[in-house]
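Biologist: I am new to this structure and would like to go through it piece by piece. Please show it, and then I will ask.

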Amino acid sequence: MTTQPRDAPQFYLTAPSPCPYLPGQEERKVFTHLIGRRAAEINDILTQGGFRRSQTIAYRPACERCKACVSVRIVVDGFRPRRSMRRVIRANADLVGSMGEPIPTSEQYSLFRRYLEARHSDGGMVDMTMLDYAMMVEDSHVPTRLIEYRRRGPDTGIHGRGTGELMGVALTDVLGDGLSMVYSFYDPDDGERSLGSFMILDHIAKAKRLGLPYVYLGYWVEGSRKMAYKARFLPQERLYPQGWVRFD
């Protein structure tokens with residue numbers, strides 16, 4: 001007879017539900033809880049195996065008839081921004097992303113609401129209250145940081161923080177081998193800046209400074225317009241049954 005340690009993860013399977021990415025498909029997820037003293041270690045292992053984190057849950061697709069969801073991570077050392085990305089970097093040169101503790105604020109929630117209503121008004125998160133948002137940010141047993149993007153101020157070079165209006169927010173896990181972008185949102189009215197792409201580019205720069213080889217972007221779904229942007233950040237590795245495969 002064998003026994004498992006009390007802090008070993010136990011996995012569960014959800015019931016089928018409509019797929020949010022591909023019409024006519026159903027999704028199922030396998031998930032486990034990320035709690036206890038081994039939460040950070042387990043999160044690292046599971047992220048490298050294609051899982052994503054949401055609060056204290058790690059999950060990945062386990063669909064019976066579809067394998068479209070593919071985990072994607074950017075290879076930091078090999079990354080060279082293409083011309084359009086360099087334009088995005090220049091357009092946002094006045095912004096700075098300051099990394100701090102995952103502390104929710106009413107200012108963040110206001111921006112979060114504006115973003116959802118403009119970009120994801122038919123999504124499952126649109127009814128989230130301030131309390132729901134606070135739980136999303138705070139409820140983590142792994143190393144998590146909140147990055148706020150604001151305009152550079154006269155003292156930014158001293159304390160590393162921006163000033164003025166909040167332009168974007170990224171909730172990010174710090175893993176042993178990279179940064180994992182859990183969730184991000186930004187000013188939906190400032191389309192010329194391409195803030196979503198800029199925050200990914202900024203995470204690549206931050207990972208490089210920290211000596212971390214990857215930036216994890218979650219799932220890429222071929223054929224889904226919502227996910228198409230992830231394929232532009234090359235080189236990247238995609239997780240297939242044979243392991244991580246590099247795409248240049």
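Modeller: What follows is a set of questions and answers on this predicted model.

Biologist: Which feature does UniProt place at residues 17-87?

Modeller: The end C-alpha atoms of that span lie 40 Å apart. The span is 21% helix and 34% strand. The unreviewed UniProt entry gives its name as "domain: N-end aminoacyl transferase N-terminal".

Biologist: Which strands do the buried residues of helix H1 pack against?

Modeller: Helix H1 covers residues 39-48, and its buried residues are Ala39, Ile42, Asn43, Asp44, Leu46 and Thr47. After the helix comes Gly50, with a positive phi near 100 degrees. The buried residues of H1 pack against strands E4, E5, E6, E10, E12 and E14.

Biologist: How far apart are the end C-alpha atoms of H3?

Modeller: H3 has 14 residues, and at 1.5 Å a residue they should span 20 Å. The model agrees with that expectation, because the end C-alpha atoms of H3 are apart by 20 Å.

Biologist: Which elements are included in what covers the buried residues of H3?

Modeller: An α-helix has 3.6 residues a turn, so residues three or four places apart point the same way. In H3 the buried residues are Gln108, Tyr109, Leu111, Phe112, Arg113, Tyr115 and Leu116. Their cover includes H4, E9, E10 and E11.

Biologist: How many aromatic pairs does a search of the whole structure find, and what is the angle between the planes of Tyr109 and Tyr133?

Modeller: The search of the whole structure gives 16 aromatic pairs. Tyr109 and Tyr133 are one of them, a tilted pair at 6.1 Å centre to centre. Tyr109 is in helix H3 and Tyr133 in helix H4, 24 residues apart. The angle between their planes is 50 degrees.

Biologist: Is Tyr133 buried or exposed?

Modeller: A residue is buried when its relative accessible area is under 20%. Tyr133 has 0% relative accessibility, so Tyr133 counts as buried.

Biologist: How many residues apart in sequence are the parts that Phe112 and Tyr183 tie together?

Modeller: Phe112 and Tyr183 form an edge-to-face pair, with 70 degrees between the planes and 6.1 Å centre to centre. Phe112 is buried at 0% relative accessible area, and Tyr183 is buried at 19%. Phe112 lies in helix H3 and Tyr183 in strand E11, so the pair ties together parts whose separation in sequence is 71 residues.

Biologist: Which side chain does the side chain of Tyr115 join in a polar contact?

Modeller: Tyr115 lies in helix H3 and is buried at 8% relative accessibility. Tyr115 belongs to one aromatic cluster with Tyr109, Phe112, Tyr133, Tyr183, Phe185 and Tyr186. Not counting residues up to four places away in sequence, Tyr115 touches His120, Tyr183, Ser184, Phe185, Tyr186 and Pro188. The polar contact, of 3.2 Å, is with the side chain of His120.

Biologist: Which side chain makes a polar contact with the side chain of Glu237?

Modeller: Glu237 is found in strand E13 and counts as buried at 11% relative accessibility. Leaving aside neighbours within four places in sequence, the contacts of Glu237 include Ser71, Val72, Arg73 and Trp244. The side-chain polar contact of Glu237, at 2.7 Å, is with Arg73.

Biologist: What kind of peptide bond joins Leu234 and Pro235?

Modeller: Pro235 is placed in the loop between E12 and E13. Omega for the bond between Leu234 and Pro235 is about 0 degrees, and the bond is cis.

Biologist: What is the phi of Ser194?

Modeller: Ser194 lies in the loop between E11 and helix H6 and is partly exposed at 32% relative accessibility. Gln55, in the loop between E5 and E6, has a positive phi of about 55 degrees although it is not a glycine. Ser194 is not a glycine either, and its phi is positive, about 55 degrees.

Key: Residues are numbered from 1 along each chain as its sequence is written. This is a predicted model: local features need pLDDT of at least 70, side-chain atom pairs count only at pLDDT 80 or more; totals for chains, interfaces and linings use all residues. Side-chain values use heavy atoms; hydrogens and water are left out. UniProt positions are given in the numbering used here, feature names are shortened, and annotations may be inferred rather than shown by experiment. Helices (H or I, at least four residues) and strands (E, at least two) are DSSP runs, numbered from the N terminus. Buried means under 20% relative accessible area, exposed over 50%, partly exposed in between (1.4 Å probe, protein chains only). A polar contact is a pair of N or O atoms within 3.5 Å; within protein, one must be able to donate a hydrogen and the other to accept it, and residues adjacent in sequence count only if both atoms are side-chain atoms. Contact means heavy atoms within 4.5 Å. Rings of Phe, Tyr and Trp (its six-membered ring) pair if their centres lie within 6.5 Å; planes under 30 degrees apart count as stacked, over 60 as edge-to-face and the rest as tilted. The expected span of a helix is 1.5 Å times one less than its number of residues.
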